[in-house]
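Have the model open while you read.

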Amino acid sequence: YSTKQKPIVLLASFALPDSRIQISTMSIEEGDVDGESKAAKGSDHDHQASFTCTLTDAGEKGEGANGIESSKKQWDCDARTVISLSFVLNLVNYLDRAVIGAAAGQIITEFGLTGSQFGWLAGSFGFGAMISNVTSGLVLDRIGVRYAWAASIVAWSATMLGQAYVPAGSYALFIVVRVLMGIAEGVNFVAMDRAHADYVPPRTGSFAVSLSLLGVFLAFVIGYPIFGATVPRHGWRTTFIGLAVAGFVTAIAFFLIYKEQDVSKKHHSQGLSIREEITTLFKDRSLMSTCWSFGSFGYVLGMSVVWLPTFLQSAHSIDLTGASILGMAPWAVASVLMVAVGLLSDRIFAKTSNIRKSQIYVIAACQLLSSICFLPLLFTGESNGTAATICVTLGVGIGLANNAPYFTFCNMRFPSYAAQATGTMIWFFTVGFTCAPFITGYIMDHTSSFSGAFAVVIALLLSAVLVLMLFAFPDKEEVHIITRGTNKL
């Protein structure tokens with residue numbers, strides 16, 4: 001409380017149990033230090049509480065927070081293990097999404113599908129992922145990562161194996177199996193972000209996440225040429241079996257190596273119910289704005305994963321092997337830029353301690369530049385092979401380079417509910433990723449050109465930039481924890 005009396009200042013310095021966040025100073029204005037406060041006796045209108053807290057990363061002094069070297073110094077063995085395991089799991093997980101594009105021709109021929117039908121098949125796993133996206137975070141925030149993530153990998157591998165044995169005429173069964181695979185696969189990124197929130201210091205969060213997410217883009221860099229060779233030679237079914245085996249081996253390795261951190265089971269200090277927690281997240285304008293942006297990100301990724309090989313084949317009149325080699329370029333560009341953007345985001349945060357500047361501005365800038373790169377394709381389509389390849393490479397590469405700041409935003413904005421916040425955001429991503437193959441296939445069926453498909457991409461990217469600039473103010477908007485009968489901050 002503060003009144004006209006001379007205030008006092010209390011100094012405190014202590015660290016939280018994990019020694020990563022330290023509250024170094026706290027000042028409290030108090031109207032009277034002798035016995036009962038005079039302010040407490042007066043009118044409520046005379047009462048005012050003032051708190052000033054400075055949050056710093058433990059171990060920051062003398063280290064410097066910028067650059068790869070300082071990041072390594074702030075990561076202990078457990079943090080490096082989490083980053084490495086996340087990289088491997090993302091790699092194996094996303095090889096499935098790379099193989100579906102390479103196997104498109106054989107699957108369409110074998111099952112007698114149209115472009116729209118294949119779009120539904122390729123994106124159907126997203127309907128399952130939507131379920132686990134919004135529910136897995138509630139589990140991960142409460143029981144931890146080890147068992148939930150390992151179980152999801154086993155289930156994903158089993159459904160990958162099941163796809164290889166779907167009879168040629170069973171289109172409906174194929175879709176059902178892919179929906180089940182989506183339920184298993186939807187846990188992946190939510191678990192990754194919960195693990196990062198448990199082990200990695202927030203100040204280097206974007207760089208750490210970018211390294212973990214390299215597995216996603218590496219899956220396409222190596223997956224396209226590998227599957228471009230194995231699918232024509234051995235068939236898509238044998239390739240799916242090989243991926244399933246790799247998934248089972250990865251699940252066992254993860255379960256044996258990953259060490260659960262006790263703090264991951266104790267994040268719910270507010271004691272909110274599931275309904276209260278979800279209400280809190282959906283009432284946050286900054287989170288909802290970021291969700292819309294991540295949905296646009298998912299649309300770009302979904303269209304690229306499924307239709308990029310077909311686009312390159314059409315643009316250059318080449319076979320699948322040649323298109324798969326060319327298809328490496330966007331993912332290679334995205335991989336390099338994602339690490340650079342992660343470092344840039346962390347550097348901006350180290351200098352400003354501002355989430356909007358370090359996360360929101362970086363995300364919006366990448367999406368704006370990506371839309372500009374796609375613009376020429378509205379007029380040329382795939383008619384000019386070289387120009388089309390350059391535009392797609394830059395558009396996809398830059399558009400996917402902002403991946404890491406999305407996850408870091410959730411960790412910084414909702415440290416106690418990082419998994420559920422991430423799951424909410426990824427639900428929008430999954431919607432975009434799922435709709436992209438179908439919408440693109442529908443446009444291809446009716447126009448026989450990719451120009452209309454790229455128009456949809458540009459519109460979504462620009463809408464994301466606009467929403468972020470107008471509504472995402474995480475540093476000014478308070479996180480209101482909605483509880484029964486009251487609003488408690």
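Helix 15 passes helix 16 in a right-handed crossing, meaning that the near helix is turned clockwise from the far one by less than a right angle. This is a predicted model, so to speak of local features takes pLDDT of at least 70, side-chain atom pairs count only at pLDDT 80 or more, and totals for chains, interfaces and linings use all residues. Residues are numbered from 1 along each chain as its sequence is written, and side-chain values use heavy atoms, with hydrogens and water left out.

**Helix 15 and helix 16**
- On the helix 15 side, the contact (heavy atoms within 4.5 Å) is made by Val-341, Ser-345, Ile-348, Phe-349 and Thr-352.
- Helix 16 brings Ile-355, Lys-357, Ser-358, Gln-359, Val-362 and Cys-366 to that contact.
- Sorted by type, the contact residues are 6 nonpolar, 4 polar and 1 charged; Ala, Val, Leu, Ile, Met, Phe, Trp, Tyr, Cys and Pro count as nonpolar, Asp, Glu, Lys and Arg as charged, and the others, Gly among them, as polar.

**Ala-350**
- Ala-350 sits in helix 15 and is buried, with a relative accessible area of 16% (buried means under 20%, with a 1.4 Å probe and protein chains only).
- Arg-203 is 147 residues from Ala-350 in sequence, yet their C-alpha atoms are 6.8 Å apart.

**Helix 6 and helix 12**
- Helix 6 (residues 125-143) packs against helix 12 (residues 274-282) at about 115°, with axes 12 Å apart.
- That makes helix 6 roughly perpendicular to helix 12, the term for 65 to 115 degrees.
- Leu-138, Asp-141 and Arg-142 of helix 6 meet Ile-274, Glu-277 and Ile-278 of helix 12.
- This contact splits into 3 nonpolar, no polar and 3 charged residues.

**Nonpolar cores**
- The largest nonpolar core has 121 residues, and Ile-107, Leu-301 and Trp-331 have the most contacts inside it; such a core is a set of buried Ala, Val, Leu, Ile, Met, Phe, Trp, Tyr and Cys residues joined through side-chain atoms within 4.5 Å.
- Helix 13 (residues 285-316) gives the largest share of this core, 14 residues.
- Leaving out residues up to four places away in sequence, Leu-301 touches Tyr-94, Phe-220, Trp-331, Leu-400, Phe-429 and Phe-433.
- A second, separate core has 6 residues, among them Val-341, Val-362, Cys-366 and Ala-401.

Terms used: Axes fitted to C-alpha atoms, helices over the stretch in contact; angles between N-to-C directions. Helix = DSSP H or I, 4+ residues; strand = E, 2+ residues; numbered from the N terminus. Parallel < 35°, antiparallel > 145°, perpendicular 65-115°, else oblique. Buried < 20%, exposed > 50% of the residue type's maximum accessible area, 1.4 Å probe, protein only.
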